[in-house]
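Me: I have not seen this protein before. Could you take me through it?

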Amino acid sequence: MKGRVPFLLEDELRAKGAKYVRTTIPMTPRAVRDSRLITGRNPVSTKAVGDLLLAALAETE
């Protein structure tokens, strides 16, 4: 893959200090929250992202 693109996103994120987490099974749900940032890994993570978002909103009430 690295021969097709000039760099891998994972490598660039790590070089800039990001905490990049890779899972062993592709296309499985994964969502994380870091303070106000909530992000999902792929389209099947939608429910997990929504759950984190609802929890974050409940904390602000």
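Predicted model: local features only at pLDDT ≥ 70, side-chain atom pairs only at ≥ 80, totals over all residues.

Me: Which helices and strands does the protein have, and in what order do they run?

Reply: The protein has 2 helices and 2 strands. Starting at the N terminus, the order of the elements is α-β-β-α.

Me: And is the chain compact or spread out?

Reply: The protein is more spread out than a compact globule, because its radius of gyration is 14 Å, well over the 10 Å that the globule rule gives for 61 residues. The C-alpha trace spans about 50 × 25 × 15 Å along its principal axes.

Me: How much of it is buried?

Reply: Buried residues account for 7% of the 61 residues. The protein exposes about 5,400 Å², and carbon and sulfur atoms supply 60% of that area.

Me: What about contacts between residues at least 24 apart?

Reply: Of the contacts between residues at least 6 apart in sequence, 2% join residues at least 24 apart.

Me: Changing topic: how much space lies in the largest pocket?

Reply: The largest pocket holds about 580 Å³ of space.

Me: Which residues lie nearest its centre?

Reply: Lys19, Tyr20, Val21, Val32 and Thr39 lie nearest the centre of the largest pocket, out of 18 lining residues.

Me: Which elements supply at least two residues each of that lining?

Reply: Helix α1 (9-15) does, and so do the strands β1 (31-34) and β2 (37-40).

Me: And what is the lining like by class?

Reply: The lining of the largest pocket comprises 8 nonpolar, 7 charged and 3 polar residues.

Terms used
Residues numbered from 1 in each chain as written. Heavy atoms only, no water. 1 Å grid on protein atoms, 1.4 Å probe; cavity = no way out; pocket = protein on both sides within 12 Å on 5 of 7 lines; lining within 4 Å. Points joined across faces, edges and corners; volume = space filled by probe spheres on them. Helix = DSSP H or I, 4+ residues; strand = E, 2+ residues; numbered from the N terminus. Nonpolar A, V, L, I, M, F, W, Y, C, P; charged D, E, K, R; others polar. Rg over C-alpha atoms; globule rule 2.2 N^0.38 Å. Buried < 20%, exposed > 50% of the residue type's maximum accessible area, 1.4 Å probe, protein only. Contact = heavy atoms within 4.5 Å. Areas by Shrake-Rupley, 256 points an atom, 1.4 Å probe, with all protein chains shown as cover.
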